[in-house]
Amino acid sequence: MSRTLPVQKNDYIDVIFEDLTHEGAGVAKVDGYPLFVPDGLPGERAKVKVIKVNKGYGFGRLIETYERSPYRVEAPCPIYKECGGCQLQHLSYEGQLLAKEKQVRDVLERIGKLEGVKVHPVLGMKDPWRYRNKAQVPIGEQEGGLIGGFYQQRTHQIIDMKECLIQQEKNDEVVQKVKEICGRYGVRAYDEGRHKGELRHVMARYGLVTGEVMIVLVTRTNELPHKQRIVEEIASSIEGVKSIVHNVNSRKTNVIMGDVTRVLWGEEVIYDFIGDIKFAISARSFYQVNPEQTKVLYDKALEYANLSGEEQVIDAYCGIGTISLFLAQKAKEVFGVEIVPEAIEDAKRNADLNGMTNASFAVGKAEEVIPDWYKKGNTADVLVVDPPRKGCDEALLKTILSMKPKKVVYVSCNPGTLARDLRILEDGGYRTIEVQPVDMFPQTMHCEAVAGLEWKEGS
Ligand code: SAH
């Protein structure tokens, strides 16, 4: 017999929420047993119905709130609950920033066993709406017309959407116009079930500083009926369009883009600036979605690197070289490493574009290329990492501990793996000086942070 749980399915119980999950649900503890309840906010007292119990945790539904959080607000978006793209619109922005600070602090203590590390309040946005520079919208059909928006949660049913409150308004305009124009020319939407039809996704990207717009039409086959007329109408009716690109994805997959990309109209890239640095962005490149906050994040990374102009710097996981070029303004030399060859092509082009001759780039896995450099006697004074959610590979961390750069700057999109990796670096002789969370994704639970580390003399 398994140990009896403190709650049973269908129980009604009174709880106080203590925390938020990474999906934005409230967490209440019943004799230490965690219950996850959508819509509950920390500090709130409520009646909950238990709807599912697992061994280590359960799920509940909010029945009645007795005491509301002072940070609770009405979600401004009418489709907030159905969409699922945002998780925190029912929490005021001040409350969101406090929740993210707590999340970072908690994981550093719980996973990283880093007590007493200085965690600064989250750097948030003045206006935490309309910040995303990229929209990727699945297309469907309704009564003969084209619709596009988002998949209803846990289904593949497309719900039409006229605007998204975290998108740049320009992207909303683009998606609406493209739906209307393609619909008028009789373009059929892709039908996932039967693998028929044409238009799968519309992608819009907006250069915040330049006002330049790229539109990508993703179709199932090479064909796009009335291609020429459609493209001309899009280009002439939307201000700022610089590039219209056709991407073909003929596979049965959730991955949005396929392998074939061709320019239908205008340029192959659009341009944007972060600070003084200009970036060329192509249809397939990774580019941060919140450019305003990207500047804040990179400025912090630069501050922690504390460059004098004499340093050799390595930027691991460099993407299209955004952080590398930021650092190259103040360093002697920067070496970027990245696994995606196209991103390295972009990084080189971006260095040229800005007349920077002290940044060079290599394709490969950070955990293979950097140990190899080290074996050949190449080291760094400052090493920056910005890994994907799973964090740094252990082989890379080991090399860092042998190479002993004076400073390590860790940019992270996942506080959990940040905490795990900081522990390893601390055990190997580094000291975490401070951690600065930056809110790159307001209204969502995603949390970005940058940590500054120094090699402890005598380690
Ligand atoms: N620093 C960049 C990109 C960060 S995203 C920016 O701020 O824009 C993380 C990057 O790491 C992605 O470009 C991804 O392609 C790359 N990547 C993932 N695994 C890698 C590995 N093992 N070695 C090197 N790069 C990797």
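For these entries I take buried to mean under 20% relative accessible area and exposed to mean over 50%. The model I am reading is a predicted one.

Entry one, the faces of H4. I looked up the buried residues of H4 and found Ile-230, Val-231, Ile-234 and Ala-235. They lie on the same side of H4, because they cover an arc of only 125 degrees around the axis. An α-helix has 3.6 residues a turn, so residues three or four places apart point the same way. On the other side of H4, I noted Arg-229 and Ser-236 as exposed. I then asked what covers the buried residues of H4; the cover includes H3, strand S11 (213–219), strand S12 (241–248) and strand S13 (260–266).

Entry two, H3 against H4. Helix H3 (residues 169–184) packs on helix H4 (residues 227–237) at an angle of about 145 degrees, and I read their axes as 10 Å apart. The crossing of H3 past H4 is right-handed. From H3 the contact takes Glu-173, Lys-177, Val-178, Ile-181, Cys-182 and Arg-184, while H4 supplies Ile-230, Glu-233, Ile-234 and Ser-237. I sorted these contact residues into 5 nonpolar, 1 polar and 4 charged.

For helix H8 (residues 366–375) and helix H9 (residues 394–403) I noted an angle of about 25 degrees, with the axes 8 Å apart. That angle makes H8 roughly parallel to H9, and their crossing is left-handed. Among the residues in contact are Ile-370 and Tyr-374 of H8 and Leu-396 and Met-403 of H9. The contact divides into 7 nonpolar, 2 polar and 1 charged.

Methods. Residues are numbered from 1 along each chain as its sequence is written. This is a predicted model: local features need pLDDT of at least 70, side-chain atom pairs count only at pLDDT 80 or more; totals for chains, interfaces and linings use all residues. Side-chain values use heavy atoms; hydrogens and water are left out. Axes are lines fitted to C-alpha atoms, for helices over the stretch in contact, and angles run from 0 to 180 degrees between N-to-C directions. Helices (H or I, at least four residues) and strands (E, at least two) are DSSP runs, numbered from the N terminus. A crossing is left-handed if the near helix is turned anticlockwise from the far one by less than a right angle, and right-handed if clockwise. Contact means heavy atoms within 4.5 Å. Ala, Val, Leu, Ile, Met, Phe, Trp, Tyr, Cys and Pro count as nonpolar, Asp, Glu, Lys and Arg as charged, and the others, Gly among them, as polar. Angles under 35 degrees count as roughly parallel, over 145 as roughly antiparallel, 65 to 115 as roughly perpendicular and the rest as oblique. Buried means under 20% relative accessible area, exposed over 50%, partly exposed in between (1.4 Å probe, protein chains only). The arc is that of the directions from the helix axis to the C-beta atoms.
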